[in-house]
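Biologist: I have a structure to go through with you. Can we take it piece by piece?

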Amino acid sequence: MTASHEGRYESLGAAGCFGCHGGSDEVEVFLAAATPLPADHYVGGDASTHEIDGPRAECITCHPVAQE
């Protein structure tokens, strides 16, 4: 992780994670170094929706952020 993740989820929610690890037609190339969300994290298992599946929006449940 090159960016600081501390407090990001708490202040921005899933949108803060999606901003780098999700994608859209505009940001996929720019953030190519960030590990992308797997397809099963998107509605209907389809990354092209760019919509996080409801329960998957609780990112820190499975992906805790180490305190810096």
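Biologist: Which residues of helix H2 are buried?
Modeller: In H2, residues 14–21, they are Ala14, Gly16 and Phe18. Buried means under 20% relative accessible area, exposed over 50%, and partly exposed in between, with a 1.4 Å probe and protein chains only. Helices are DSSP runs of H or I with at least four residues, numbered from the N terminus.

Biologist: Where does this model come from?
Modeller: It is a predicted model, where local features need pLDDT of at least 70 and side-chain atom pairs count only at pLDDT 80 or more, while totals for chains, interfaces and linings use all residues. Residues are numbered from 1 along each chain as its sequence is written, and side-chain values use heavy atoms, with hydrogens and water left out.

Biologist: Back to H2. What covers its buried residues?
Modeller: The cover includes helix H1 (8–12) and helix H3 (59–62).

Biologist: Which residues make up the largest nonpolar core?
Modeller: There are 6: Tyr9, Ala14, Phe18, Tyr42, Ile52 and Cys59. A nonpolar core is a set of buried Ala, Val, Leu, Ile, Met, Phe, Trp, Tyr and Cys residues joined through side-chain atoms within 4.5 Å.

Biologist: What is Tyr9 in contact with, leaving aside neighbours within four places in sequence?
Modeller: Tyr9 is in contact (heavy atoms within 4.5 Å) with Ala14, Cys17, Ala57, Glu58, Cys59 and Ile60.

Biologist: Cysteines, then. How many disulfides are there?
Modeller: A search of the whole structure gives 0. To count, a pair of cysteine sulfur atoms must be within 2.5 Å.

Biologist: New topic. How many salt bridges does the structure hold?
Modeller: The count is 1. Arg56 pairs with Asp40, and their closest N and O atoms are 3.2 Å apart. Both sit in the loop between H2 and H3, 16 residues apart, so the pair links distant parts of the chain. The cut-off for a salt bridge is a side-chain nitrogen of Lys or Arg within 4 Å of a carboxyl oxygen of Asp or Glu.

Biologist: How accessible is Arg56? And Asp40?
Modeller: Arg56 is partly exposed at 32%, and Asp40 is partly exposed at 42%.

Biologist: Last one. Which residue has a positive phi although it is not a glycine?
Modeller: His50, with a phi of about 55°. His50 is in the loop between H2 and H3 and is partly exposed, with a relative accessible area of 28%.

Methods:
Helices (H or I, at least four residues) and strands (E, at least two) are DSSP runs, numbered from the N terminus.
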